[in-house]
Amino acid sequence: MTDRHLLAMHHAEVSVSVELETPDVTLNLGPQHPSTHGVLRLIAKVDGEVITEVDPVIGYMHRGYEKLAEVRTYPQITALVNRIDWVSGFANEIPFMVAIERLMGLEVPERARYIRLVLTEMARISSHLVFLSSYPLELGAATPLMHALRERERVLDLIEGVTGGRFHPNFNRIGGVKPAAGAGSTQKKVIQDLPEGFLAQTRDAMTNVLSVCDDMEDLVVGNEIFVERTKGVGLIPADRALEFGVSGPNLRASGVGFDIRKTDDYLPYSRFEFDVPVGANGDCFDRYMVRFEEIRQAARIVIQAVDTMPSGELQAKVPRVIKVPKGEVYVRAENPKGEMGYHVVSEGGRGPYRLKIRSASFSNISILPWLLEGQLVPDVIAILGSLDFVLGDVDR
Amino acid sequence: MTASPSESGAAQVAEKYAALVGADSSSAEFGTAKIKVPAARWVEVHRTLQAHLPFFSWLSAIDWAAEVAVGDPPEEGVIERYEVLSRLSDVTTGAGLIVSTDISKDTPRIASLTGVFGGADWHEREAAEMFGIAFEGHPHLTKLYLPDGFVGYPLRKTFPLLSREVKPWPGTVDVEDMPSSENAEAGDEPEAEA
């Protein structure tokens with residue numbers, strides 16, 4: 001036996017004894033990692049395969065919107081709030097607009113409210129399609145992505161056709177939606193409504209979305225590996241979820257059937273029939289399946305809304321210079337990621353005195369230190385992905 | 001009224017919980033139920049409310065200041081203080097409530113809610129670094145967003161927006177009044193592009 005062999009054997013023995021002692025090791029995950037959906041860093045202490053402590057480090061995307069809002073006028077803030085959760089930019093605008101309209105006492109025309117509702121639900125479909133296809137990818141299944149992104153592109157094309165933007169529509173105006181085509185003063189008089197054929201194309205797109213959901217359900221839920229890796233993993237009990245402010249599909253997966261679309265009247269949801277899917281166990285699998293069902297319900301709402309779309313004005317009459325009366329209001333909305341709300345404090349000026357932005361992902365991942373403690377290292381990616389967060393929505 | 005914020009519903013919510021915890025005052029303007037409690041009872045009030053409003057939505061603060069480095073100052077007669085706010089919600093009826101308290105600027109400290117709502121952890125860390133409020137009893141009140149060693153409290157009204165100091169924002173041009181548009185209501189004109 002050569003010295004080299006002896007040395008190798010010696011090393012092997014050493015490494016075995018080290019593994020048995022299992023001292024705490026600090027494991028760094030991110031900030032640049034595909035599973036973190038942006039720049040999230042987790043500093044984990046691991047004892048063997050088990051995580052004993054996690055410290056999430058956020059703030060890499062912090063843009064200070066709450067401070068910026070104090071030096072912007074209300075119409076300008078629309079462009080900022082688009083960029084909070086960029087996977088569903090349109091939905092971010094809604095609670096902000098409704099908050100300003102409440103303070104000003106504006107009556108938004110019915111057609112504008114319906115257009116808002118349709119585009120919000122389409123943003124939800126687009127956001128959930130990204131989650132439903134990228135989450136299996138993180139667990140090793142690449143095929144669903146190809147199916148979902150094709151349909152998502154069609155939905156985004158429709159949003160772009162109306163608003164001019166795929167991700168950052170900046171389409172809402174205080175008192176309604178953007179009524180005039182842009183591009184210079186000569187075109188300002190040309191009133192822009194929904195593009196021709198939008199309603200029929202939307203109905204077709206929804207049929208396609210429903211059929212791709214069926215395909216994907218076969219692909220993913222029929223996949224034994226996927227089910228094994230998600231069932232019973234990352235359990236969040238209902239009381240924990242409430243205490244941490246976990247909202248949206250993550251909360252409903254834990255068995256709490258709370259949906260702001262059913263309780264608050266920020267858009268005319270009460271006129272449409274839809275169900276609120278609820279999970280039983282609060283594990284990663286439930287969080288996945290709840291979003292599956294939510295896409296189907298969203299498509300159901302969109303089809304009902306385009307069938308009953310009223311005609312009429314697109315924007316209420318508003319002053320040229322928007323001044324908001326003194327007062328404070330909190331308006332929340334059921335966004336794809338959960339409760340998104342704006343607490344607007346006005347002192348009567350053209351911009352808010354203080355704007356507090358409540359974003360869903362921030363609270364949703366604030367549960368991570370509690371949730372990841374005691375979990376296995378290979379489950380971390382499964383749990384992170386199942387919460388469906390966007391770092392722009394965490395950091396604001 | 002947009003999205004009919006049931007003002008009467010909010011008033012009922014505000015009155016009900018104001019009576020339950022013995023609040024100083026309650027309001028329900030613009031459909032936003034809010035109660036005011038003394039800072040000394042902050043934790044106790046939340047512990048009582050948790051049984052009725054178990055969903056912890058957010059916690060933040062407002063810097064009420066007569067002199068501001070950014071934006072417009074508030075109307076005259078403002079009392080210098082930090083207002084700390086938390087928002088709780090019910091998950092069956094959807095009733096929501098803002099709990100508010102005032103703390104002095106000389107001693108900006110208040111008891112931490114982390115023992116009641118686990119979710120208060122990050123919200124308090126954010127409010128601490130942005131407003132310089134000490135949350136007593138918080139297990140690790142370190143910086144959340146800002147880099148370690150950052151000096152100042154960005155959301156205080158005395159904190160200037162440095163980029164704006166160096167170079168005026170080009171967007172300010174939109175903010176100025178249109179010529180001869182004093183009190184002009186845009187009758188059939190669409191709103192000016194922002």
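How many helices and strands are there in chain A? Chain A has 16 helices and 8 strands. Keep in mind that this is a predicted model.

Start with the overall form of chain A. Its C-alpha trace spans about 90 × 45 × 40 Å along the principal axes. Now take the radius of gyration. Chain A has 396 residues, so a compact globule would come out near 21 Å, and the value for chain A, 24 Å, agrees with that. Next, look inside. Of the 396 residues of chain A, 51% count as buried. The contacts also tell us about the fold. Take those in chain A with a separation of 6 or more: 73% of them join residues 24 or more positions apart.

Which residues have the most contacts inside the largest nonpolar core? In chain A they are A:Ala99, A:Ile100 and A:Met122. In chain B they are B:Ala14, B:Leu97 and B:Ile133. The core itself has 153 residues. Helix α5 of chain A, residues 110-138, gives the most to this core, with 14 residues. Now pick out A:Ile100. Leave aside residues up to four places away in sequence. A:Ile100 then touches A:Tyr74, A:Ile174, A:Val324 and A:Val344.

Move on to chain B and its sheet. This is an open sheet of 5 strands with mixed pairing. Follow the strands across in the order β1-β2-β5-β4-β3. The edge strands are β1 (25-27) and β3 of chain B, and each pairs on one side only. From one strand to the next, the twist averages 20°.

One example is B:Leu59, whose bridge partner in β4(B) is B:Ser86. A helix joins the picture too. α3(B) packs on the sheet and touches β3 and β4 of chain B. The direction of α3(B) makes about 10° with that of β3(B).

Finally, see where the two chains meet. The contact takes 62 residues from chain A and 52 residues from chain B. Which elements give two or more residues to the side of chain B that touches chain A? They are β3 (55-64) and α3 (120-131) of chain B. β3(B) gives the most, with 6 residues. What kinds of residue make up this side of chain B? They divide into 28 nonpolar, 13 polar and 11 charged.

Conventions:
Residues numbered from 1 in each chain as written. Chains lettered and ligands numbered in written order. Predicted model: local features only at pLDDT ≥ 70, side-chain atom pairs only at ≥ 80, totals over all residues. Contact = placed C-beta atoms within 7 Å. Helix = DSSP H or I, 4+ residues; strand = E, 2+ residues; numbered from the N terminus. Nonpolar A, V, L, I, M, F, W, Y, C, P; charged D, E, K, R; others polar. Rg over C-alpha atoms; globule rule 2.2 N^0.38 Å. Buried ≥ 20, exposed ≤ 12 C-beta atoms within 10 Å, placed from the backbone. Core = buried A, V, L, I, M, F, W, Y, C linked by C-beta atoms within 7 Å. Pairing = 2+ DSSP bridges. Axes fitted to C-alpha atoms, helices over the stretch in contact; angles between N-to-C directions.
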